[in-house]
Amino acid sequence: MAGVAVSTTINGDHVEYLCQPDETLLEVLRDRLGLTGAKEGCGTGDCGACSVIVDNRLVCSCLVLGAEAEGRQVETIEGMAHGDRLHPLQQKFLEHAALQCGICTPGFLIAAKDLLAKNPDPTEEEIRFGLAGNLCRCTGYDKIVRAVQDAASVMRG
Amino acid sequence: MNFDPRLTNRSFTSVGTRPIRPDGIDKVTGRARYGADFNMAGQLVGRVLRSPHAHAVIRGIDTAKAEALPGVKAVITAADLPDLTNGDGALYDILDNCIARKKALYDGHAVAAVAAIDARTARQALKLIEVDYEVLPHVTDVDEAFQHGAPLINEAIFTEGLEEKPVKPSNVHKRTQYGHGDIHKGFSEADFVIERSFRTEQTHQGYIEPHACVASVSSDGMAELWVCTQGPFVYRQHCAQLLGMEASKLRVTSSEIGGGFGGKTHVWAEPVALALSRKAGRPVKLVMTRDEVFRASGPTSATSIDIKIGARKDGTITAAEATLRYSCGPYAGMWAEVGAMTAFACYRLDNVRTVGFEVLVNRPKTAAYRAPSAPMAAFAVESTIDELAGKVGMDAVDFRIKNAAQEGTRASYGPVYGPIGIGPTLEAVKNHPHMQAPLKKNQGRGMACGFWFNFGGQTCVDLNIGMDGSVSLAVGTVDVGGSRASLSLVAAEELGIDYAQVKAIVADTSSLGYNDMTDGSRGTFSSSMATISAARNAIKVLRERAAQMWDIPADDVVWEKGHALAKGEKYGNLSPLSLKEIAAQSGTTGGPIAGHSELVADGAGVSFATHICDIEVDPETGATRVLRYTVVQDAGKAVHPTYVEGQYQGGAAQGIGWALNEEYIYGKDGRLQNAGFLDYRIPVCSDLPMIDTQILEIPNPNHPYGIRGVGETSIVPPLAAIANAVSNAVGVRMTHIPMSPPRILAALEASTSAQKSESIFGKHDA
Ligand code: FES
Ligand code: FES
């Protein structure tokens with residue numbers, strides 16, 4: 001099968017790659033570009049571990065084709081910190097121990113970032129529903145919700 | 001062992017604080033490498049062909065077409081993993097489960113595997129493998145499999161533990177019995193007796209990271225395995241034995257692990273990946289899909305349990321009996337036995353008997369799931385206890401307090417307890433504001449207790465002090481939830497230095513001695529014991545070096561707060577030497593400074609928890625909502641309280657999912673119908689409230705700091721606590737888990753129609 005040439009922007013950098021027409025964005029990120037921060041928990045859009053932001057929209061990268069990234073802006077977990085300065089969400093996840101095994105963490109951070117971009121002052125219920133597309137099996141979500149609440153208040157200043 | 005593990009009285013500086021974990025930054029930046037995040041040069045993609053049948057003879061496998069496909073580098077079947085198990089039955093079962101030999105025993109059972117240059121080629125190759133199956137009758141239900149005349153799964157299984165050895169094979173692998181006293185006498189003394197039967201469905205640990213590994217076997221017989229596992233040393237042992245290699249030639253590196261909860265204690269695909277690599281002569285990466293994880297890793301047992309408990313009018317339990325049937329998948333197991341041991345462990349009983357039956361079914365091989373087997377037994381027992389309290393006319397908490405096990409009680413499974421936490425957790429629950437909070441219509445409150453043994457086991461650590469005074473701690477227990485942080489705290493505590501000065505890592509199997517896996521809540525308990533021992537050994541060296549630097553006898557040097565002190569007035573002019581100062585001179589005082597420890601961590605203190613739960617039930621739909629949840633559990637000493645809370649919350653959340661939603665659903669064809677997160681629904685953020693925790697610290701006398709394991713007990717009470725809450729909300733005893741909306745509705749309807757027929761025919765007393 002002939003590859004598709006794709007030109008896109010990932011975490012602010014211009015990136016070009018060849019991928020198969022049926023290859024998912026998640027496969028491209030992980031297997032072609034070495035960006036393994038997005039995880040495959042299911043491959044069917046049910047766990048959110050593969051969450052990335054494409055043109056300001058939160059998506060499951062396992063449900064997006066690599067070819068669809070053409071001309072778009074893709075944000076992944078690898079682009080969340082600025083150099084060694086963590087994003088407030090990353091910092092608060094650490095402080096609140098909002099991760100145990102951490103496999104869900106990249107997806108939660110991306111989803112929470114998207115949530116706070118759209119709703120800077122969410123209620124607990126809005127956080128819970130806003131993050132309902134991401135599965136965590138370790139934490140029971142309690143500390144994740146608290147970390148997001150805390151980060152939101154820091155980000156509001 | 002030149003080490004005294006007994007509890008010492010001390011105040012803590014580092015232990016009990018809540019620093020940020022050492023592996024944290026990598027995990028929030030996407031840098032941490034999990035099972036599937038690792039690659040090797042020239043690596044192939046491995047894929048496994050799985051049986052679509054629940055039970056079938058494999059008459060033949062034709063791999064010729066697959067082998068001929070361009071890009072395919074190896075195809076293997078059971079013939080490529082010959083039986084080297086030498087009569088070790090348990091290992092043979094592991095081998096057969098990795099790749100079926102004569103029969104496929106469940107939907108999803110591996111029958112062949114390929115390694116190809118990419119995923120697409122590998123997938124195509126699987127389609128070209130022709131398997132000639134002779135489909136056999138199957139049985140997936142635990143009660144059906146228990147019956148005479150059920151399809152026989154393994155002709156070699158003759159029930160063990162019966163008085164007479166059976167003449168015919170059956171699906172019951174083993175009968176076990178625990179208890180003491182005379183239950184017949186006990187029941188005859190009872191004023192009230194409750195007898196009930198319960199069922200729980202099979203659930204999965206549901207870790208978010210699928211099994212993944214990269215295997216590389218070289219032509220000189222050396223091999224490497226990168227894998228997400230709870231036990232790299234156990235994986236090494238099993239893989240080496242199954243492949244016929246020496247253990248020392250196989251180096252296993254555990255990746256960061258994306259959840260395990262017992263499910264990553266078994267080899268599933270790793271021997272297959274190694275065999276593929278051996279045949280192809282190239283590294284092979286094998287990652288399970290989510291569908292494969294559900295169909296072919298190791299979920300927990302489905303169970304069917306009968307309980308009978310009797311009590312006197314004053315609330316004293318006089319006798320208790322349980323019969324527990326647990327599914328094991330198609331192989332021998334010990335799951336019902338563990339259930340039989342834990343069932344009544346919370347109570348002080350004169351007359352008790354529990355009997356377990358291990359039942360074979362055409363489902364995947366059962367694996368451990370967090371406090372394996374205990375939640376189901378607790379569900380059945382704690383539901384009956386609640387009902388009995390009602391009959392006696394006592395409050396559910398008071399009834400339990402009256403009968404709770406204490407120090408000196410002989411446990412129903414044999415040993416006599418030391419200081420334990422069941423009474424204190426019950427008292428804490430009794431006084432908890434949650435118990436007093438008002439409830440509205442259709443809401444109910446339930447509480448329940450849970451027990452877990454905890455485990456210690458073989459452990460070793462290396463503690464190396466660098467010339468700059470920084471400390472690296474190499475441990476062999478995989479960090480599943482923050483143990484690198486807690487063990488760094490312990491090392492800092494014992495050495496008297498700052499947490500930031502210690503860096504803990506999980507060593508690979510070639511760099512450290514054997515360690516049992518991270519299970520049985522042993523990670524922090526056992527590795528902290530070994531860390532304390534290693535630190536004490538290092539302190540001995542540090543004192544000797546200081547003595548050398550001062551030119552005084554080592555016996556005159558003591559270690560305090562991270563410094564060597566010369567003891568006695570004659571040394572008044574010697575100012576203390578810090579660890580850093582001693583380390584800096586190590587090159588001239590005898591070389592590197594280190595402390596090592598190899599031990600069997602005995603004395604893991606048993607653990608108890610009591611949970612409270614409020615539930616709202618919609619009587620129209622049967623839908624439920626958890627309104628409030630409180631966990632009270634004894635931790636021994638909580639090393640890093642935030643991560644202890646995390647264990648409590650995580651276990652409770654898994655229990656909530658199990659109680660209300662999660663179950664394996666098999667069709668009549670014996671195939672799993674819901675092998676994905678869409679249809680096997682684990683709790684999401686919007687399903688749960690905050691989960692409150694209360695940590696009790698009743699020191700474990702067998703650990704220098706009083707630490708107990710904390711990881712597992714939190715999943716034991718939820719099934720029962722929630723069932724009691726639902727039962728209290730709707731006024732009907734719930735006996736089948738999960739309490740999904742259709743099941744709650746059915747229970748409500750059954751009780752309404754029973755009430756109707758009662759009102760027509762008059763009430764009969766049972
Ligand atoms: S991997 Fe994409 S949602 Fe699970
Ligand atoms: S921290 Fe393990 S799945 Fe969320």
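A polar contact here is a pair of N or O atoms within 3.5 Å; within protein, one must be able to donate a hydrogen and the other to accept it, and residues adjacent in sequence count only if both atoms are side-chain atoms. By that rule, chain A and chain B share 24 residue pairs in polar contact, both at pLDDT 80 or more. The model is predicted, so to speak for its limits: local features need pLDDT of at least 70, side-chain atom pairs count only at pLDDT 80 or more, and totals for chains, interfaces and linings use all residues. Residues are numbered from 1 along each chain as its sequence is written, chains are lettered from A and ligands numbered from 1 in the order in which they are written, and side-chain values use heavy atoms, with hydrogens and water left out.

On to the A–B interface. Contact (heavy atoms within 4.5 Å) links 47 residues of chain A with 50 residues of chain B. The buried area, meaning the accessible area (1.4 Å probe) that two parts lose on being put together, summed over both, comes to about 4000 Å², with carbon and sulfur atoms giving 59% of it. On the chain A side, Leu94(A), Gln100(A) and Arg137(A) lose the most area to chain B, together 21% of what that side buries.

The interface also holds five salt bridges, each a side-chain nitrogen of Lys or Arg within 4 Å of a carboxyl oxygen of Asp or Glu. One of them pairs Asp22(A) with Arg120(B) at 3.0 Å, N to O. Helices H2 (88–95), H3 (105–118), H4 (124–130) and H5 (142–156) of chain A each give two or more residues to the side touching chain B; helices (H or I, at least four residues) and strands (E, at least two) are DSSP runs, numbered from the N terminus.

Within chain B, helix H10 (residues 335–342) is largely enclosed by the rest of the structure, because eight of its eight residues are buried, that is, under 20% relative accessible area (1.4 Å probe, protein chains only). Trp335(B) and Met341(B) are among them. The buried residues of H10(B) pack against strands S7 (172–180), S14 (317–327), S15 (352–359) and S16 (443–452) and helix H11 (374–392) of chain B.

Chain B is also assigned domain 1 (24–32 + 456–601) and domain 2 (427–448 + 606–766), with bounds from an automatic or database domain assignment. Their centres, over C-alpha atoms, lie 42 Å apart. The two domains bury about 1200 Å² between them, 67% of it on carbon and sulfur atoms, with zero salt bridges and two residue pairs in polar contact.

Note on methods
Buried means under 20% relative accessible area, exposed over 50%, partly exposed in between (1.4 Å probe, protein chains only).
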